[in-house]
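Please keep the sequence and the three-dimensional view at hand while reading.

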Amino acid sequence: MCEFCAKRRKVQPAQVVDHIKAHRGDERLFYDPANLQSLCKPCHDSVKQQMEKSGIERGCDENGIPVDAAHHWRQA
C-alpha cells in the first residue's frame with residue numbers, strides 16, 4: 001500500500017519502491033532497507049517530487065489536518 005495515501009486514509013496499491021532520503025549516489029543509503037517506502041506512482045511522481053524540492057509534504061487527512069509532521073498545526 002502507498003505510504004502517502006495511507007496518511008490521508010486512502011487505500012491505494014503501491015507500484016514504486018522509493019528512497020525516503022535521496023541517496024544521491026551514496027550506496028549505504030541506496031541499499032538500506034530502512035530507507036525504503038512503498039508509494040503509488042501518482043504520489044511518487046507528484047507529492048514526493050514536491051517534497052524533495054520544497055521540504056514540505058502538502059495535503060491533509062480526512063479531518064483537514066495537514067499531513068506534514070512539521071506543520072505548526074501538528075505541534076504539541
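Arg9 is exposed, because its relative accessible area of 66% is over the 50% cut-off. Its side chain meets that of Glu62 in a salt bridge, with N and O 3.0 Å apart. The model described here is predicted; its pLDDT averages 89 over the protein, and 97% of the residues score at least 70.

**Confidence by element**

- The highest confidence is found in strand 2 (residues 36–39), with a mean of 97.
- Helix 3 (residues 41–54) has the lowest confidence, at a mean of 90.

- Side chains of opposite charge can pair when their charged atoms come close.
- The structure holds seven salt bridges.
- The salt bridge of Glu62 and Arg9 has a separation of 3.0 Å from N to O. This pair links distant parts of the chain, since Arg9 belongs to the loop between helix 1 and strand 1, while Glu62 is in the segment after helix 3, 53 residues apart.
- Glu62 is partly exposed, at a relative accessible area of 47%.
- Another salt bridge joins Lys7 to Glu57, whose closest N and O atoms are 3.0 Å apart. Because Lys7 lies in helix 1 and Glu57 in the segment after helix 3, the pair ties together parts that are 50 residues apart in sequence.
- The two partners have their own accessibility classes: Lys7 is partly exposed at 40%, whereas Glu57 is buried at 8%.

- Lys48 and Glu52 form a salt bridge through their side chains, at 3.8 Å from N to O.
- Both residues lie in helix 3, four residues apart, which is about one turn of the helix.
- Lys48 counts as buried, because its relative accessibility of 3% is under 20%. Glu52, with a relative accessible area of 40%, is partly exposed.
- Elsewhere, salt bridges that share partners join Lys7, Arg8 and Glu57 into one network.

- Asp18 is located in strand 1 (residues 16–19).
- Asp18 is buried, because its relative accessible area of 5% is under 20%.
- The side chain of Asp18 makes a polar contact of 2.6 Å with the side chain of Lys48.
- Leaving aside residues up to four places away in sequence, Asp18 touches Asn35, Leu36, Gln37, Leu39, His44 and Lys48.

**The nonpolar core**

- The largest nonpolar core has seven residues: Cys2, Phe4, Cys5, Leu39, Cys40, Cys43 and Val47.
- Helix 1 (3–7) and helix 3 each supply at least two residues of this core.
- With residues up to four places away in sequence left out, Phe4 touches Gln37, Leu39, Cys43, Val47, Lys48, Met51 and Glu57. Leu39, Cys43 and Val47 are also members of the core.

**The aromatic pair**

- One aromatic pair is found in a search of the whole structure.
- Phe30 and Tyr31 form this pair in an edge-to-face arrangement, with 4.8 Å between centres and 80° between planes.
- Phe30 is partly exposed at 35% relative accessibility, whereas Tyr31 is exposed, with a relative accessible area of 61%.

Key
Residues numbered from 1 in each chain as written. Heavy atoms only, no water. Buried < 20%, exposed > 50% of the residue type's maximum accessible area, 1.4 Å probe, protein only. Polar contact = N/O pair within 3.5 Å; in protein donor to acceptor, adjacent residues only side chain to side chain. Contact = heavy atoms within 4.5 Å. pLDDT = per-residue confidence, 0-100. Core = buried A, V, L, I, M, F, W, Y, C linked by side-chain atoms within 4.5 Å. Phe/Tyr/Trp six-rings, centres within 6.5 Å; stacked < 30°, edge-to-face > 60°. Salt bridge = Lys/Arg side-chain N within 4 Å of Asp/Glu carboxyl O.
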